[in-house]
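Hello,

Here is the structure we talked about.

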Amino acid sequence: MDDATPDLSRYYEVAKSATRCAVFTGAGVSAESGMPTFRGEDGLWKEYRAEELATPEAFARNPGLVYEWYDYRRGIVAGVEPNAGHEALARAEDLFEEFTLITQNVDGLHQQAGSSNVIELHGNIRRDRCNVCGHHREEGEARECACGGPYRPDVVWFGEALPVGAMEEAFRAVATADLVFTAGTSTQVYPAAQIPYSAKEYGAWVVEVNPEPTPFTPLADLSVRGPSGEWLPLLLDPAVIRPDRDTR
Ligand code: NAD
């Protein structure tokens, strides 16, 4: 754990009485599994930044290059496992009357860890979608759909709209939550980045987990500086926040 450990006593009071929890995650939650973030030191691929590849314009200009980058990223996804942070979030579904996990991640690691109710704001890299007719399929070799349109990863690229209803569902969850976590996200990619701000406006107690400060940090009720694989298991330890429950 980084720096001086913050005073967690108020957090534990809130967490023990919270009945509705929402969690907003970003690329940092998968960093300890070996997935590169976009903004970290390992975020570059060849000489390109993600913003130059994950766009409809890049795909129209040079689909081969975009496929090559996604093949590289899918290769990483295939070789990684959920970490202790994903696992703590999967267990946390049983600790609250309502629990909603909202992710910007496209790697599917939350589901792999056992989370059952995940709002995927930016799609999933393990699926393809036809760029013309919208047909979905598990990722595959052929680049062309039966309609003749090109398949692409079923992810939201910079400048594209989010899946219909996903933001509404996320806002609904944070509007009714008494405890909200924002973990592993730089809170720089909009509109998703509005979610923790919206949680504050609706009166939730918001905890940020990130080794680095973010634009949201000054608004967080608690900001812990460190990796989510260490902090989420600690903050969501059933033995501490649900001491009366038999969690064996
Ligand atoms: P980002 O790359 O902008 O920021 C990552 C954040 O994680 C940073 O603030 C960094 O300080 C923090 N971080 C790094 N290591 C961490 C750790 N061990 N524990 C906790 N936090 C850690 O990511 P973003 O905010 O998710 O936004 C970028 C976009 O990139 C998202 O839309 C997402 O769809 C996409 N993306 C997804 C993946 C993935 O699915 N794993 C990976 C890269 C990018």
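**The pocket and its ligand**

The largest pocket has 47 lining residues, and those nearest its centre are Ala-27, Gly-28, Thr-37, Phe-38 and Arg-39. (On a 1 Å grid over the protein atoms alone, a pocket is an open set of points where a 1.4 Å probe fits, with protein on both sides within 12 Å along at least five of seven lines; lining residues have an atom within 4 Å of a point.) This is a predicted model: local features need pLDDT of at least 70, side-chain atom pairs count only at pLDDT 80 or more, and totals for chains, interfaces and linings use all residues. Residues are numbered from 1 along each chain as its sequence is written, and side-chain values use heavy atoms, without hydrogens and water.

The volume of the largest pocket is about 1,000 Å³, counted as the space filled by probe spheres set on the points.

The ligand sits in this largest pocket, meaning that more than half of its atoms lie within 2 Å of the pocket's grid points. Around the ligand are 26 residues; Arg-39, Gln-104, Asp-107, His-122 and Ser-186 come nearest. (Near means a heavy atom within 4 Å.)

Now the polar contacts (pairs of N or O atoms within 3.5 Å). A side-chain N or O atom of His-122 is 2.6 Å from a ligand oxygen. Glu-32 places a polar side-chain atom 2.9 Å from a ligand nitrogen. Gly-184 uses a backbone N or O atom, 3.2 Å from a ligand oxygen. On its own, the ligand has 840 Å² of accessible area, and the protein covers 91% of that (Shrake-Rupley method, 1.4 Å probe).

Best wishes

Technical notes: A polar contact is a pair of N or O atoms within 3.5 Å; within protein, one must be able to donate a hydrogen and the other to accept it, and residues adjacent in sequence count only if both atoms are side-chain atoms.
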